[in-house]
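Keep the viewer open and follow along.

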Amino acid sequence: MTLSRNPFCAFSLLALLFLTLTVILKKWHFGLQEDQPFGDAARPDGLTPARDRLLQQLKERQQELELLDMAFDNKQGFVDSVFSTNDSAKYIIGKLSLDNPVTATIYVGCEELSGIKAVDFLGSGYTKTVLKAALPRGLFVALKSVNHQGTDMRLCMDDFQDSQGCHELVSFKLRKEIVLLQRLQHPNIVALKGQCQDSSLVGGITAVLEQGMPLQMIQLLQSPWEERFWVCFGLVRLLQYLSHSPLGSVALLDFQPRQFVMVSGELKLTDLDDASIQEPACQEDSDCLLRFPLRNFTLRCSPSRTCEGLNEMRNLYNAYRYFFTYLLPHQAPPPLKPLIHQIMNSTGDLKQSVNETLVAFEEVLHMYKSGLHLENLPPSITRDYAVLKGMRSVANMEYRCWPSYNQQGCVLSVHSAREAALICSSHPQCTSFSLSSEKTWTGRLLASFRSGFSHLVPDVNSAVYMRRVKASGAVL
């Protein structure tokens with residue numbers, strides 16, 4: 001029987017063909033694959049593909065936390081039971097005299113956090129919100145919690161429409177940061193003062209950190225070279241520690257100045273949720289490629305098929321392009337510039353390891369503190385100055401110089417009176433300078449330079465140096 005002789009059969013075949021084409025077009029339009037036959041509908045196990053993907057991501061984050069513990073155990077040979085992550089865990093803020101209201105021993109756990117009041121908003125990002133809070137006895141801390149209005153939470157809700165699951169997923173970054181802060185303890189990493197993981201509290205999870213001020217690069221650029229060097233020196237010490245940490249070599253994948261704060265003049269890393277403890281796997285050298293906006297580097301693939309040293313080199317080059325380039329060379333003492341240029345060249349080309357870079361920084365620091373870079377200054381340079389010891393000038397006529405420790409005058413650090421005399425002689429407006437017992441972190445003296453003063457008063461901790469005047473009335 002042919003189609004032309006049986007119209008009903010022809011119609012049935014055409015209908016079947018139309019239905020088949022419709023199914024194919026729908027699968028193409030919605031991007032469904034053969035292994036996802038149920039689309040967004042529930043599968044036989046009751047899970048939708050979206051829910052399945054969410055659970056898979058939660059599983060991966062949990063495995064990441066377990067990897068941190070495994071790495072620490074392998075390095076240390078034991079589990080650090082002091083840093084338990086259960087809800088009742090408490091951490092010691094400090095062990096100092098109870099007579100000091102700021103330094104007394106204080107414990108911060110869930111119970112203590114429930115009674116703490118936030119006093120200021122410090123900032124927020126994709127994942128976290130940071131508040132300033134006051135603890136008993138006048139101690140201020142930073143409280144980090146999940147940012148429920150942040151980008152990470154919004155994107156998760158767009159994908160999964162599961163508020164509880166998204167909160168748990170986004171919280172993993174803060175949980176990871178707490179674990180890293182427990183394991184990585186260094187003077188240039190903010191100290192973990194406490195934590196609480198309790199779903200009954202607002203936010204569910206909170207980290208208590210020592211409070212710092214956000215790093216202001218513009219302000220730092222205007223500070224004396226000695227302070228800028230200290231920031232870079234602290235950064236190199238941090239990178240050397242991260243290269244040989246209890247977790248292995250740690251890479252800061254989101255290396256930006258905004259990840260750091262200043263605490264009592266010390267640079268400290270405060271954001272670790274994007275840190276990685278794994279060196280990339282490789283089959284050949286081309287797999288060990290470090291990409292940066294202006295240049296790339298290729299490292300060797302080790303016999304163990306890992307890019308050994310890549311984490312260290314990534315950190316070091318980021319330190320060069322975000323910190324060293326801006327803070328080190330400008331206004332460096334002329335005798336130290338050759339050493340500074342060597343550091344810049346070696347880090348900019350990744351010619352030295354972080355250990356070698358730290359040695360170079362220590363050499364600069366030693367020369368600067370000891371005054372060895374000034375050994376060629378003639379002792380006679382101070383003969384052009386009359387010295388009045390035990391005296392201090394008042395009603396001074398100030399002039400400004402840059403960079404100065406006093407924005408309204410000219411206050412610089414010097415190793416000795418000879419270096420101060422050299423500086424004063426190079427400033428046309430300088431007629432005198434004074435040295436006091438006040439010193440910088442390097443032990444160098446603070447010298448105040450001025451163009452004149454009204455009179456002198458006794459001060460056992462001060463000495464005034466006045467430039468001698470020639471018979472013609474010109475200042476020597």
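Let's start with strand 17, residues 410-414, where five of the five residues are buried. Buried here means under 20% relative accessible area, with exposed over 50% and partly exposed in between (1.4 Å probe, protein chains only). Helices (H or I, at least four residues) and strands (E, at least two) are DSSP runs, numbered from the N terminus. Bear in mind that this is a predicted model: local features need pLDDT of at least 70, side-chain atom pairs count only at pLDDT 80 or more, and totals for chains, interfaces and linings use all residues. Residue numbers run from 1 along each chain as its sequence is written, and side-chain values use heavy atoms, with hydrogens and water left out.

Which way do the residues of strand 17 point? Cys-410, Leu-412 and Val-414 go one way, Val-411 and Ser-413 go the other, and all are buried. Strand 17 runs antiparallel to strand 19 (residues 445-452), and five bridges join them; two strands count as paired if DSSP finds at least two bridges between them. Within that pairing, Leu-412 sits opposite Ala-447 of strand 19.

## What sits over helix 11

Helix 11 covers residues 417-426, and its buried residues are Ala-417, Glu-419, Ala-420, Ala-421, Ile-423 and Cys-424. Strand 17 shows up again here: the cover over those residues includes strand 15 (385-394), strand 17, strand 18 (432-439), strand 19 and strand 20 (455-467).

Why is strand 7 (residues 205-210) described as largely enclosed by the rest of the structure? Because six of its six residues are buried.

Strand 7 pairs with strand 5 (residues 140-146), antiparallel, through five bridges, and Ala-142 stands opposite Leu-209 there. Strand 6 (residues 192-197) also pairs with strand 7 in the antiparallel sense, over five bridges. In that pairing, Cys-196 faces Thr-206 of strand 7.

## Salt bridges

How many salt bridges does a search of the whole structure find? The count is 17, taking a salt bridge as a side-chain nitrogen of Lys or Arg within 4 Å of a carboxyl oxygen of Asp or Glu. One of them joins Lys-176 and Glu-64, with the closest N and O atoms 2.8 Å apart. That pair links distant parts of the chain, 112 residues apart: Lys-176 is in helix 5 (residues 163-183) and Glu-64 in helix 2 (residues 49-76). Lys-176 is buried at 7% relative accessible area, whereas Glu-64 is partly exposed at 32%.

Helix 5 also holds Lys-173, whose partner Asp-152 is in helix 4 (residues 151-160), 21 residues away.

Asp-459 belongs to strand 20 and Arg-392 to strand 15, 67 residues apart. Arg-392 is partly exposed, at 36% relative accessible area. For a network of salt bridges, look at Lys-128, Lys-144, Glu-177, Asp-271 and Asp-273.

## The whole chain

Zooming out, the chain has 11 helices and 20 strands, and 45% of its 476 residues count as buried. Among contacts (heavy atoms within 4.5 Å) with a separation of 6 or more, 63% are between residues 24 or more positions apart.
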